[in-house]
Amino acid sequence: MQTEHTGLKRHLKVRHIRLMALGSTIGVGLFLGSASAIQIAGPSILLGYLLAGLVAFIVLRTLGEMAVHEPVAGSFAAYANSYVGPLAGYMVGWGYWTYWIVVGIAEVTAVGIYMGIWFPETPQWIWALSSIVMMGLINLIAVKVFGEFEFWFALIKVVAIVAMITLGGSVILFGFTNDWQPIGLSNLWQHGGFFPNGIGGMLLSLQMVLFAYVGIEMIGLSAGEAENPQKTIPMAIDSLAWRILIFYMGAILVILAIFPWNQVGQQGSPFVVMFERLGLREAAGLINFVVITAALSSCNAGIFSGGRLLYSLSSNGYAPKSFSKLTKYGVPHRAVMSTVGVCMTGVVLNYFVPDKAFQYMMAAVTFIGLMVWIAILITQIKFRRSLSKSQVAQLAYRAPWWPYSSWFALAFIALVVVLMGFHEDARIALIVGPCLMGVYLMMFYVVGLHRKTASKRDFK
């Protein structure tokens, strides 16, 4: 499908797409959410990140298979519409838009928490409001400018994580800042063993661990605005998968090796605390700046994704027609402004329940994100089954280990959804998520979209 069909501009280069997807993933899930996950699983959280990373890789490759074959702005919502049905496309589109709204709220909540370290007297909601307004303005510029902002946002935190892993490695191996007495890796098993809370602890942490990886699928949304998507998308996916795994595994390994897992606090970022305990308060301040940048980056990506999804839904009659209007630079400005407007509910949340805002958002976003992953996997299975052997052989980019990989990932995600019911903080998501899906389902039938006569394959 050509760019002219969507009205969007193909101005995103491979470096933009790589860092966009990486930037949307390296956010609060790693910098803030990792502390809670460590408290539940202890050092075995490393195994959780490894398993979740494998599932994330499978989801990314299955999405890449479809995105290279048919690079459109609607991405997996378009594919669900084509290969499963209009209801599936509608539900995935609106569900994923809701996901990015919640991500935006979670990220600006994290900004408020981080800024509170420097300005404890300033209300948290003020930082949330400022963040949403700033990111909204960036998204109203041409997509190429957005890509540049996101590239540098993401690059800052990538460089910071590499530096942190390097510095932490020198502490572990050579004893830097520890009178040159190497710390080693003994903290991984000395305080209750590798599984201090049993296998159950590791399993219960998977909900938070998967939250850290959810977001990489936005690489599919960039296909409609990517230069040469048949080349760009595979390059971005192949490099992204192992980079994320290294960053997450490396960063968490450093933290757990330097400090006993039961000393990783619940307040603030464990990354900032690590540098403070090493006596590097200046570096801790720098890391605080980095995690603020990380949260802004994810919020930026969320507004971008939400705007494109509303545009795609509108183009197919699943949202108000006004959302399909574009500026002369190819930006769906009304869709972007509406996304920003709904994100403002995060300001209200930060005003009334600042202590619980991040916790609530994290639980809700995980459920919605996992539903989207399930939809991607089911759609890819339907997509493959729709092809003949010769068509499969002609696919330029294929998911590995078909069909076992797709079914394994589906089973793993289903297990995590079940386990959410055993976690007090995540249980609310199992109530809110299905209720939200029920509202969308009701809208689909009440508005009469089920009578839509257009072809299944017209979703842009």
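Cys 343, by contrast, counts as buried at 1% relative accessibility. The model you are looking at is predicted, so local features need pLDDT of at least 70 and side-chain atom pairs count only at pLDDT 80 or more, while totals for chains, interfaces and linings use all residues. Residues are numbered from 1 along each chain as its sequence is written, and side-chain values use heavy atoms, leaving out hydrogens and water.

What about disulfides, meaning pairs of cysteine sulfur atoms within 2.5 Å? The whole structure has zero of them. For Cys 343, the nearest cysteine sulfur belongs to Cys 299 and is 6.0 Å away.

Stepping back, the protein holds 19 helices and zero strands; these are DSSP runs, with helices (H or I) of at least four residues and strands (E) of at least two, numbered from the N terminus. Of its 460 residues, 59% count as buried.

Now look inside. A nonpolar core is a set of buried Ala, Val, Leu, Ile, Met, Phe, Trp, Tyr and Cys residues joined through side-chain atoms within 4.5 Å. The largest one has 123 residues, and Ile 45, Tyr 79, Trp 94, Tyr 213 and Trp 373 touch the most other members. Helix H6 (residues 86-118) gives this core its largest share, 18 residues. Apart from it lies another core of 11 residues, including Ile 172 and Ala 251.

How values were computed
Buried < 20%, exposed > 50% of the residue type's maximum accessible area, 1.4 Å probe, protein only. Disulfide = S-S within 2.5 Å.
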